[in-house]
Amino acid sequence: KPDPITPVIPVTPSKPSQKPDTGKNLPFTDVSANNWFYDGVKYAYENGLMNGTSSNAFSPNANTTRGMIVTILARVEGVNTNGTPWYAAGQKWAMDNGISDGTNMPGVITREQLATILYRYAKQKGYDVSKTADLSGYADQDKLSDWAAQAVQWACGSGLMAGRSAA
């Protein structure tokens, strides 16, 4: 049965790059032009949305944290996110704009947390957040937090998120 609230984990784990991206503006040894996620990584890097986890690693199989998400959104908004800890500027921006409560920035983000952050961001930007989906078919819908229900319904209804089969 689909699961709308588990941590965000890549659907198709990547394999270590056999052919690093040479001459394509990416410094990451764990990303190559033949990876399914290459275009997304290239876009995020070239547009300053993501820097990777070190000077030469993107870490495509790493868990996504709350701090990563708010930092990406802050960068979309043109916020200078330099500082210590690395997520501090994104955290402050998210809190100032009602996007996140700022807690547990290094923590792995759950799907309901991601949906809620994106929903709040979309509302703050004035985007249409009226689409919804019926979650009654999800085996674990009863585990969905009350504070996240509307956001998850919107994320599923908008096609941003879908359930996955339990492994």
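Student: Which helices do the buried residues of H2 pack against?

Tutor: Keep in mind throughout that this is a predicted model. Eight of the eleven residues of helix H2 (residues 66-76) are buried, so this helix is largely enclosed by the rest of the structure. Among the buried residues of H2 are Arg66, Ile69, Val70 and Leu73. The partners against which the buried residues of H2 pack are H3 and H4.

Student: What secondary structure does the chain have, and what pattern does it follow along the sequence?

Tutor: The secondary structure comes to five helices and zero strands. Read along the sequence, the pattern is therefore written with helix symbols, given that helices and strands are DSSP runs. That pattern is α-α-α-α-α.

Student: What is the mean pLDDT of the chain, and over which residues is the pLDDT below 50?

Tutor: The mean pLDDT of the chain is 86, with 83% of its residues reaching 70 or more. Where pLDDT is low, the predicted coordinates should not be read in detail.

Student: Is Ser100 buried or exposed, and with which side chain does the side chain of Ser100 make a polar contact?

Tutor: Ser100 lies in the loop between helix H3 (88-96) and helix H4 (111-125). Because its relative accessibility is 6%, under the 20% cut-off, Ser100 counts as buried. Leaving out residues up to four places away in sequence, Ser100 touches Arg66, Val70, Ala94, Met95, Met105 and Arg120. The polar contact, at 3.3 Å, joins the side chain of Ser100 to the side chain of Arg66.

Student: Which residue forms a salt bridge with Arg66, and how many residues apart are the two?

Tutor: The partner of Arg66 in the salt bridge is Asp101, and the closest N and O atoms are 3.0 Å apart. This pair links distant parts of the chain, with Asp101 in the loop between H3 and H4 and Arg66 in helix H2. Arg66 counts as buried because its relative accessibility is 8%, whereas Asp101 is partly exposed at 49%.

Student: How many residues apart are Glu46 and Lys42, whose side chains meet in a salt bridge?

Tutor: The side chains of Glu46 and Lys42 meet at 4.0 Å, N to O. Glu46 is partly exposed, with a relative accessible area of 42%, and Lys42 is partly exposed as well, at 25%. An α-helix has 3.6 residues a turn, so residues three or four places apart point the same way. Both residues lie in helix H1 (residues 38-46), about one turn of the helix from each other, and their separation is four residues.

Student: How many aromatic pairs are found in the whole structure, and what is the angle between the planes of Trp36 and Phe37?

Tutor: A search of the whole structure finds six aromatic pairs. Trp36 and Phe37 form one that is edge-to-face, with a centre-to-centre distance of 5.4 Å. Trp36 is exposed, with a relative accessible area of 59%, whereas Phe37 is buried, at 10%. The angle between the planes of Trp36 and Phe37 is 85 degrees.

Student: Which residues form one aromatic cluster?

Tutor: A pair of aromatic rings is described by the distance of the centres and the angle of the planes. The cluster itself is formed by Phe28, Tyr45 and Phe58.

Notes
Residues are numbered from 1 along each chain as its sequence is written. This is a predicted model: local features need pLDDT of at least 70, side-chain atom pairs count only at pLDDT 80 or more; totals for chains, interfaces and linings use all residues. Side-chain values use heavy atoms; hydrogens and water are left out. Buried means under 20% relative accessible area, exposed over 50%, partly exposed in between (1.4 Å probe, protein chains only). A polar contact is a pair of N or O atoms within 3.5 Å; within protein, one must be able to donate a hydrogen and the other to accept it, and residues adjacent in sequence count only if both atoms are side-chain atoms. Contact means heavy atoms within 4.5 Å. Rings of Phe, Tyr and Trp (its six-membered ring) pair if their centres lie within 6.5 Å; planes under 30 degrees apart count as stacked, over 60 as edge-to-face and the rest as tilted. pLDDT is the predictor's confidence in each residue, from 0 to 100.
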